[in-house]
Amino acid sequence: QVQLQESGPGLVKSSQTLSVTCTVSGGSITAGYYYWNWIRQPPGKGLEWVGSITYSDRTYYSPSLKSRTSISRDTIKNQFTLELTSVTPEDTAVYYCARLGVGGGQYDYWGQGTQVTVSS
């Protein structure tokens, strides 16, 4: 059983860099043909895909966030990390990590989410 667990700072000041990490257990992030994703949900809004890193270390980002987003991984710790620079209160959201097969379809495993609030 694959499990994903997000961890983050909880509170970030405007203009700073937000960093959240997803720790994966029950399966390697380099095994299989999977995209490892970051998805966020601002208060009162729907889910927004932020970006992903693949089993082969390729990265993809939302066009609207690309200039401020970086996703990296630590294969020893089996983790992947989202960094979002120059944050504003509009980046306040619950940040989720989730797995998606390369063939597409639905995300099959999700973390429980971590709340990140950006103060002005």
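This is a predicted model: local features need pLDDT of at least 70, side-chain atom pairs count only at pLDDT 80 or more; totals for chains, interfaces and linings use all residues.
Two strands count as paired if DSSP finds at least two bridges between them.

**Exercise 1.** Find the bridge partner of C22 in β8, and describe how β3 and β8 pair.

*Solution.* Start at C22: its bridge partner in β8 is F80. Next, step back to the strands, where β3 and β8 pair in the antiparallel sense over six bridges. Then look at β7 (residues 69–74), which also runs antiparallel to β8 and is joined to it by six bridges. One of these partners is L84, which bridges to T69. Finally, β7 and β8 form a hairpin with four residues between them, and N78 in the turn has a positive phi of about 60 degrees.

**Exercise 2.** Classify the ring pair of W36 and F80 as stacked, tilted or edge-to-face.

*Solution.* Take the geometry first: the centres of W36 and F80 are 6.0 Å apart, with 55 degrees between the planes. Stacked needs under 30 degrees and edge-to-face over 60, so the W36 and F80 pair is tilted. Widening the view, Y34, W36, W38 and F80 form one aromatic cluster, and R99 lies over the face of Y34 at 3.6 Å from the ring centre.

**Exercise 3.** Decide whether Y96 is buried or partly exposed, and do likewise for W110.

*Solution.* The cut-off for buried is under 20% relative accessible area. Y96 has 18%, so Y96 is buried. W110 has 36%, so W110 is partly exposed.

Key: Residues are numbered from 1 along each chain as its sequence is written. Side-chain values use heavy atoms; hydrogens and water are left out. Helices (H or I, at least four residues) and strands (E, at least two) are DSSP runs, numbered from the N terminus. Rings of Phe, Tyr and Trp (its six-membered ring) pair if their centres lie within 6.5 Å; planes under 30 degrees apart count as stacked, over 60 as edge-to-face and the rest as tilted. Buried means under 20% relative accessible area, exposed over 50%, partly exposed in between (1.4 Å probe, protein chains only). A charge sits over a ring if NZ of Lys or CZ of Arg is within 6 Å of the ring centre and within 35 degrees of the ring normal.
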